[in-house]
Amino acid sequence: MPSLLERDAHIDRLDHLLAECLGRAGRVALVDGPLGSGKSELLRVFAARAAERGVLVVGAGCSVQERDLPFGIADRIARSPGWPAGHAERLAALADPAVLADPAESAGGTALHGTAAAGDPAGPPSPALLRACRDLTTALLAAAADTPVLLCVEDIGHADEASLHFLRHLVRHLPQSRVLLLLTDGSAPWPARRRLHAELLRHPHAHRLALAPLSRAGALRLVTEGLGEEEARHRGPGLVDVAGGNPLLLHALVEEHLDRAYEPEPRYGPALLSCLHRAGPGVLRVVQAQAVLGEEAPAEDVARLLGERESAGGVARIRATLTAAGLLDGEGRLRTTAARAAVLEDLAPHERTELRLRAAQLAHETGSPAAEVARHLVEAGRAPAPWAVAALTEAAEHALLDHRHRTAVACLHLAHKEAAEENDRAVLRHRLAQAEWRLNPSTAARHLVPLTAAVRAGHLGLAEALVLVRSLLWHGRGAEALAVLDLLRARTGPASPTETGALRDVETWLAHTHPGLARGRRVPALPADLRHAVAPDVDPQLRAAAALAGALTRGRAAEAVDHAQQVLHDAAHLRGSTAWAEEAALLALRVLLQAGRADTAAVWSQRLLGTAARREAPTATALYSAAHAEVALRLGEPTTAAEYGRAALTHLSPTAWGIAVGLPLGTLIVAESRTGEHRSAAKHLTHAVGEAMFQSLYGLHYLFARGEHYLTARHGHAALADFLSCGDLLRTWGLDGAGVVPWRTRAADAWLRLDDRDRAWRLIHEQLSRADADLPHNRGPALRLLAAAGPAGRRGALLTEAVDLTEASGDRYEQVRVLTDLSRVYHSAGNKRRARLLLRQALHLANMCALKPLAQELLSVSADLGESDPAADEAREPGGADALTESERRVASLAVLGYTNREIAGRLYVTASTVEQHLTRVYRKLGVRRRKDLPADLRTSLRKTG
C-alpha cells in the first residue's frame with residue numbers, strides 16, 4: 001500500500017507507546033482489524049520510523065502451516081539478525097525446541113512432546129515449557145537493557161501454543177523494560193482467539209488498536225493517488241464498490257488497472273485469496289462452499305455441504321467477519337464474479353469435483369429444481385447417481401425451452417456419457433445433436449453415423465429418425481438419408497396411420513426442397529377418414545412445413561398466405577420450437593415471396609431475425625439473415641441484401657451451412673453484382689460446393705445467381721447456359737409450374753443481349769402464359785423484355801404497364817430498368833421532356849439503391865440522348881417535400897413523370913383547374929419555378945396512382 005490513509009491516529013498512538021518504552025516503560029499493543037485492513041503495512045511503516053530512532057526491530061510472522069511446530073515463533077524471534085553480539089547466541093540456545101524436554105523424562109530417553117511440552121491450552125503447561133519461557137524472557141529483556149527493541153509478531157492467532165505461552169510470559173514482565181511488543185491479529189469469531197486477546201489486554205500496560213475498512217472518501221483518495229485525478233474520476237467509484245473499503249483489495253485493483261496492458265494475470269483474485277488463506281481455519285472452506293452453492297445459499301446449506309467440519313452458527317460468524325472486512329457485500333455475497341472464480345479455482349480438481357457432487361446430492365435431496373442439480377453435476381463432470389441422468393435431461397429440456405442452448409448441450413453431453421442403457425444413450429445423443437445444431441451444424445455432424453446406426457438398431461423412434469433425415473440432407477449425405485427413409489417405409493404399415501402421416505409430411509417437404517432425391521419415392525396413401533386426422537405425437541411444425549411445401553410445389557402460394565403468416569407468427573412468438581421450426585418459417589417466407597408479398601416477407605424476416613438474435617441461436621440467426629437478404633434483393637435493395645448475406649456467412653461458416661450455403665451465397669453474389677462489386681461476387685463463386693447441393697433448391701438458387709452474375713458482367717453465353725440449366729432441372733423435377741425462379745425471363749434477357757430476338761420472344765410468351773404470370777414481380781420484367789423484343793410501336797404501352805407493375809412489386813432494380821427503357825421510347829418519339837424526367841427518376845432510384853452499374857449505364861444513356869448530366873440535376877433539386885399534403889404529393893409525383901395537367905386530372909378524377917392550383921402550391925412550398933425543377937424523388941412516395 002503506497003500510503004497509510006486514515007491511519008494517522010494509530011501511528012501517533014504507537015509513537016507515544018514507543019516514547020514510553022524508551023523511558024523504560026515497556027508496552028504491548030495488539031493491532032487487530034478485518035482481513036486486509038492494512039495491519040501489516042501499519043507495522044512496516046511504524047517499524048521503519050522506529051529504526052530511524054535507533055530502535056532494534058525484531059520481527060516474526062506466524063503461519064497456519066507452522067502452528068504445530070513447538071516454540072517455532074519463539075525460535076524465530078531469538079534467531080532474528082541484529083541482536084547484540086553478546087546476547088544472540090544465548091537467545092538462540094534458549095529458544096531451541098529441545099529445551100522443552102523435561103530432564104526427568106529425558107533421562108528415561110523420552111522428550112515431552114504433545115500436551116506437556118507444547119502446552120495444550122486445555123491443561124497446564126509443562127515444567128520444561130515454563131522454564132524455557134522464563135529463561136528466554138530474561139535473556140530477551142537483558143538484550144534490550146542497552147538497546148531498545150521493537151518486537152513485531154504478526155498473525156498471533158496462527159502461533160504455536162508453546163510460543164503463545166512465551167508471549168504471555170513476556171507481556172507480564174514488560175514493565176520497566178525497553179521493549180515494545182507489537183502484535184497483530186484479525187478480527188475473528190473463534191473463542192480461542194477471544195481468550196487470547198483477553199489474556200493479553202488485561203494488563204494495564206497493554207493497548208488495543210482497532211483498524212477499520214477505509215471510508216469511501218479515503219478509498220477514493222487512494223485510487224486518486226494511484227491513477228491520477230482524471231482516471232479516478234471515471235474509474236474510482238466502481239473500484240471502490242468492488243473493494244468494499246478493503247485497502248489490500250483496493251490496492252490490487254488499482255495495480256491491475258495500471259498494468260492491464262502488461263500484466264495478463266489479474267491481481268484482485270490473488271489478493272482476495274491471500275486474505276482468505278490468512279484468515280484462519282475454515283474461512284476459505286466456507287467461502288468455497290458458498291461459491292459452489294451460489295451466493296444466495298443460506299448458512300444451513302453451507303454447513304450441510306461442509307458436513308461435520310462447520311456448524312450453521314460458525315458459517316454465519318465467518319460471513320459476518322468477511323462482511324466486516326469488505327470481502328463480502330452487505331448480503332454476505334462475494335462482490336464480483338471474478339472473486340467467485342478465484343475462490344473456485346483455488347480448489348484442487350478432486351476437491352472441486354467432490355464439493356460439486358455433494359452439492360448436487362444436497363440439491364437433489366432437498367427437492368431443488370433440476371437446473372440447480374444439473375449445474376453442480378456439469379461442473380463436477382460426473383453423474384454417478386441413478387437420479388443424475390434424469391436430472392440432467394430435465395434441466396436440458398428446460399434450457400432448450402428458454403433458449404439457453406449451451407447449457408442444454410452441457411447437460412445432454414454429460415447425460416449421454418453417463419447413461420447406461422443403449423436406448424437411453426441413443427435418445428440422448430439425438431437430443432444433444434439437435435441442441436448442438438442450433439449452435440453450429442458442423443459440431444452436430446459428428447453424431448450422424450452413430451445416430452444412423454441407432455435408427456437401424458431400432459433405438460430411435462420415427463420422429464427422431466425423420467429429424468436425422470433432415471440433418472443428413474443438410475450435410476449433403478443424400479444417399480444415407482434415402483436409405484433411412486427406405487428403412488422407415490419398410491417398418492411403417494397401414495396399421496400405423498400416425499407414422500404414415502409423418503412420413504408423408506417428410507416426403508412432401510422433400511419433394512419441394514430436395515426434388516432431385518424425391519422422385520418416385522412415396523409412402524402409401526392414407527385412408528380418406530384418416531387423411532386429416534391430427535395425431536398428438538406428430539410434430540405440428542413438420543406438418544406446417546409439409547403443407548407450405550405442398551402449396552409451393554403446386555404453384556398455389558397465394559392460397560397459402562394466411563397459413564404462412566400464422567406459421568411466422570408462431571415462430572416469432574412461441575417459446576418452444578422443434579427441429580422443424582426454422583424449416584417451416586423459411587417455407588412461409590418463400591410462400592409470401594412467390595405470392596408477391598415481398599413487403600410483408602420483409603417485415604416478418606426482420607422480426608424473426610430479432611427473435612433469433614435475442615435467443616442467442618446462431619443457426620436460426622444465420623438462416624433468417626439469409627432469408628432477409630433474399631427478400632431485400634427481391635425489393636431491389638442490393639446493399640441491404642449484401643449486408644445480411646455476409647452476416648449469414650458470419651453467424652455460420654460456409655462449411656457449417658452444408659448444402660444450404662447456396663442460399664446466402666447466391667443472394668450475396670447477385671447483390672454484389674448489382675452494386676458493381678464484381679470481383680467480390682466472383683470470389684464467392686470460388687467457394688467449393690458439392691454436387692449434392694444441385695439436388696436441392698439451394699443448388700438451383702446458386703445456379704440462378706451465377707447466371708445473374710454472368711449477365712451483369714456481360715458474359716451472355718455463360719449466363720444463358722446457367723438459366724437454361726435451371727429450366728432443365730425444374731422440368732426434370734416436375735417443378736416448372738411452381739414458379740421457383742423466373743428462369744425464362746432471365747434467359748430471354750440473355751438472348752436479347754446476344755441479339756437473338758426470336759428466341760427471347762418465344763421464352764417471354766411462355767412466361768406470360770404461365771399461371772402465375774399476372775403477379776407483378778413476374779409480369780413487370782416480362783413486359784419490359786417483351787417491349788425490347790417486339791415491334792417499336794408497342795413498346796410505350798408495354799413499358800407504361802411495366803412501370804406500374806414494378807412499382808407495385810416494390811422491385812426498385814426492375815423499376816430502374818423499365819424507366820430507362822421508357823425514357824428511350826419517349827426520346828425516340830420526340831418527347832424529350834418526358835424522357836428527361838424518366839431518366840432523372842431512374843438515376844435517382846439507381847443512386848438510392850447503390851445500383852452502380854445501372855447508374856453508369858444511365859449516364860451513358862443520357863449522353864446518347866444528348867441530355868445534360870442528370871446527376872447535376874439531382875444535385876440542384878430543392879428540398880421541403882415533407883411540407884406537401886397527400887393530394888399535393890400525388891399531383892406532383894405524376895407531374896414529375898411528365899403527365900400534362902389534363903392527364904393528371906383524368907388519373908386522379910379531379911378537374912384540370914384543381915391540378916393547376918395544387919401545382920401552384922407545390923411550386924411555392926418547394927421553392928421552384930417550373931415543372932421541370934420538381935425533385936425526382938417525389939415519385940418514390942407514390943405507390944400507384946389512379
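**Stop one: the sheet**

Start with the open sheet, where 5 strands run in the order β2-β3-β4-β1-β5 with parallel pairing. Its edge strands, β2 (56-61) and β5, each pair on one side only. On average, neighbouring strands here are turned by 15° against each other, ignoring direction. For that angle, axes are lines fitted to C-alpha atoms (for helices, over the stretch in contact), and angles run from 0 to 180 degrees between N-to-C directions. Strands (E, at least two residues) and helices (H or I, at least four) are DSSP runs numbered from the N terminus, and two strands pair if DSSP finds at least two bridges between them.

A word on what you're looking at: this is a predicted model, in which local features need pLDDT of at least 70 and side-chain atom pairs count only at pLDDT 80 or more, while totals for chains, interfaces and linings use all residues. Residues are numbered from 1 along each chain as its sequence is written, and side-chain values use heavy atoms, with hydrogens and water left out.

Now select residues 149-154 and 179-186: these are β3 and β4, which run parallel and are joined by 5 bridges. Pick Leu 150 and you'll find its bridge partner in β4, Leu 180.

**Stop two: salt bridges**

How many salt bridges does the structure hold? There are 45, each being a side-chain nitrogen of Lys or Arg within 4 Å of a carboxyl oxygen of Asp or Glu.

Show Arg 208 and Asp 32, a salt bridge whose closest N and O atoms are 2.9 Å apart. This one links distant parts of the chain, 176 residues apart: Arg 208 sits in strand β5 (residues 206-210) and Asp 32 in strand β1 (residues 27-33). Arg 208 counts as partly exposed because its relative accessibility is 41%, and Asp 32 counts as buried at 3%. The cut-offs are under 20% relative accessible area for buried, over 50% for exposed, and in between for partly exposed (1.4 Å probe, protein chains only).

Next, go to helix α18 (residues 349-365), which holds both Glu 354 and Arg 358, 4 residues apart, or about one turn of the helix. They form a salt bridge, with the closest N and O atoms 3.3 Å apart.

Then jump to Arg 543 and Asp 505, whose closest N and O atoms are 2.7 Å apart in their salt bridge. Here helix α29 (residues 540-553) supplies Arg 543 and helix α27 (residues 497-513) supplies Asp 505.

**Last stop: a network**

Finally, select Arg 674, Glu 708, Arg 746, Asp 749, Arg 753, Arg 784, Glu 814 and Arg 817, which salt bridges link into a network.
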